[in-house]
Amino acid sequence: MDSLLSLLEQAHREIEALNDIKGLEGLRIHYLGKKGVLTQTLKGLKVLGEEERRATGQNLNEAKAHLNEWFTAARERLENQALLKDTVQKIDVTLPGRGEGQGHLHPITQTLARVEQYFMSCGFLVAEGPEIEMDYYNFEALNFPRFHPSRALQDTFYFKDGRLLRTHASPVQIRFMETHEPPFQMMASGRVYRCDYDVSHLPMFHQTEGLMIGKGICFAELKGILDDFLRFFFERPLKSRFRPSFFPFVEPGAEMDISCILCEGMGCRACKHTGWLEILGCGMVHPNVLNKCKVDPNKWSGFAFGVGIERLAMLFYRIDDIRLFCENHTRFLKQF
Ligand code: PHE
């Protein structure tokens, strides 16, 4: 019994001291192999009497189980060690990571920046307003009477408390007029929301709104500045035309078209074979709107316009599906 215990102790020490997998196999054979120490001892049991043989045999089997357990644990430890060593040798952990491509601004942000660059250079101040808006600023003050069918033009997301997600950037002009004395020129860009979704509509998109109020401002100023802006934006001379259109907050109201930049006015699918592309809404600020903001319409006049940034970006970069802008595929975004 004593010698078996010291044999186990010695084996345990030797197994713990192992530091490579080759040594492990040798040691295992030494103890547990066919001609190993334990097997030999088991064989030696034959000379003992019945009683003694059974007791010793049981002890030896327990010892064997211990040894097996220790060898398995040691194998695991040594294999992990070898793997780690191998990995460390092959991988230079001090190298910088791969695929660390440089990012850049989103095409919509780039387009917005170019629009703002133009109007800022003309002296327009940049204003901001909330995306969760009150009915008053989104509709009422913009001359959409309550229950008037003109409200149905915009598919609005409402909150239970009556507030809403602004459907256009125009509420910012009201907020600006309430707090500033004319003359002034301002612009406001940001997200707007409408319940709509297909290849050319998103439930959230971007608009830039412009407003100029002064003495004797007339449609000619509006036409001049928008013509110049679109020439700047599309980097080429363009033909334009104004079509009468209805927006409750302007009178007269118009939609501005440019000659199709894809077919140069010859007619193609993008312009529905008309040679013209609809680009923005605009008009002379309605006296009702000026009155609501305590701006005297007998003294002041002005124009406003609103342009969709996604629309501009799609035309400028020739993209035929608006949804690409919000899917965030790097293969798409990398091109800008
Ligand atoms: N707010 C209008 C829209 O979203 C655009 C517009 C702005 C039209 C200013 C006229 C004047 O459709």
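Entry 1: domains. I note that domain bounds here come from an automatic or database domain assignment. I am working with a predicted model. For this protein, the assignment gives domain 1 as residues 2–90 and domain 2 as residues 107–333. I then looked up the separation of the two parts: the centres of domain 1 and domain 2, taken over C-alpha atoms, are 83 Å apart.

Entry 2: I asked how many residues surround the ligand. The number is 13, and the closest are His168, Ser170, Arg194, Gln207 and Gly306. Sorted by class, the shell around the ligand holds six nonpolar, five polar and two charged residues. I also recorded which strands take part. Strand E5 (204–214), strand E8 (276–285) and strand E9 (301–308) each supply at least two residues of this shell. E9 gives the most, with three residues.

Entry 3: polar atoms at the ligand. In the side chain of His168, an N or O atom is 3.0 Å from a nitrogen atom of the ligand. For Ser170, a side-chain N or O atom is 3.0 Å from a nitrogen atom of the ligand. Gln207 has a polar side-chain atom 2.8 Å from an oxygen atom of the ligand.

Entry 4: Rolling a probe the size of a water molecule over the atoms shows where empty space is left. I counted cavities of 30 Å³ or more and recorded one. The largest cavity contains about 30 Å³ of space. Which residues line the largest cavity? They are Asp227, Leu230, Arg231, Leu238, Lys239, Ser240, Met256 and Ile258. By class, this lining has four nonpolar, one polar and three charged residues. Helix H8 (219–234) and strand E7 (250–259) each supply at least two residues of the lining. H8 gives the most, with three residues.

Entry 5: the backbone. Most residues other than glycine have a negative phi, and most peptide bonds are trans. The peptide bond from Pro182 to Pro183 is cis, with omega near 5°. Pro183 is found in the loop between helix H7 (171–179) and strand E4 (184–193). Another cis peptide bond joins Glu251 and Pro252, with omega about -5°. Where is Pro252 placed? Pro252 is in strand E7, and strand E7 also supplies at least two residues of the lining of the largest cavity. My last item is Phe147, which is not a glycine but has a positive phi of about 70°. Phe147 lies in the loop between helix H6 (135–138) and strand E3 (164–165).

Terms used. Residues numbered from 1 in each chain as written. Predicted model: local features only at pLDDT ≥ 70, side-chain atom pairs only at ≥ 80, totals over all residues. Heavy atoms only, no water. 1 Å grid on protein atoms, 1.4 Å probe; cavity = no way out; pocket = protein on both sides within 12 Å on 5 of 7 lines; lining within 4 Å. Points joined across faces, edges and corners; volume = space filled by probe spheres on them. Helix = DSSP H or I, 4+ residues; strand = E, 2+ residues; numbered from the N terminus. Nonpolar A, V, L, I, M, F, W, Y, C, P; charged D, E, K, R; others polar. Near = heavy atom within 4 Å. Polar contact = N/O pair within 3.5 Å; in protein donor to acceptor, adjacent residues only side chain to side chain.
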